[in-house]
Amino acid sequence: MEALKNLFESYSGRAAKDCVELTSSGSNRRYFRLTGGNLSIVGVIGTNKAENNAFVSISRHFIEKGIRVPRVLAVSEDGMRYIQEDLGWTEADYGYIVTAFQVAYGIGMLLGGRMLDRFGSKLGYSIAIVVWSIGA
């Protein structure tokens with residue numbers, strides 16, 4: 001965690017006043033919200049240097065293409081830690097997003113199952129592929 005505080009300080013020129021661990025989901029990475037003054041940054045500690053490098057490269061590529069993703073602000077020398085922009089989500093905001101996804105997923109499963117029952121698997125999956133392709 002000290003390495004994240006050092007990255008924060010070298011990036012912002014201020015000491016990190018608070019460092020709070022955030023909830024992780026589906027990843028081996030550990031996330032922290034670092035704050036100092038009026039600045040809030042997310043610090044990340046990864047367990048795989050190659051995975052971290054891939055994430056940083058993809059993030060930079062998306063930004064170059066105009067896709068809004070959190071910007072990686074600084075990477076530690078060993079490549080195992082980095083800091084990125086904070087979207088400002090609270091735990092409650094994250095909960096709302098996850099709940100909305102799960103509700104939409106559940107409705108999709110119910111409708112998809114009903115469609116497969118009605119049209120059979122060949123036609124049902126064909127329709128699903130077309131709908132997915134249009135949606136994507």
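For the first search I took a salt bridge to be a side-chain nitrogen of Lys or Arg within 4 Å of a carboxyl oxygen of Asp or Glu. The model is a predicted one, in which local features need pLDDT of at least 70 and side-chain atom pairs count only at pLDDT 80 or more, while totals for chains, interfaces and linings use all residues. Residues are numbered from 1 along each chain as its sequence is written, and side-chain values use heavy atoms, with hydrogens and water left out.

**Salt bridges.** Searching the whole structure, I found 5 salt bridges. I looked up Asp78 and Arg81, whose closest N and O atoms are 3.0 Å apart; for exposure I used relative accessible area with a 1.4 Å probe on protein chains only (buried under 20%, exposed over 50%, partly exposed in between). Asp78 is partly exposed at 36%, and Arg81 is partly exposed at 22%.

I then noted the salt bridge of Arg33 with Asp86, at 2.6 Å between the closest N and O atoms. This pair links distant parts of the chain, 53 residues apart, with Arg33 in strand 2 and Asp86 in the loop between strand 5 and helix 3; helices (H or I, at least four residues) and strands (E, at least two) are DSSP runs numbered from the N terminus.

**Lining of the largest pocket.** I sorted the lining residues into 12 nonpolar, 7 polar and 5 charged, counting Ala, Val, Leu, Ile, Met, Phe, Trp, Tyr, Cys and Pro as nonpolar, Asp, Glu, Lys and Arg as charged, and the others, Gly among them, as polar.
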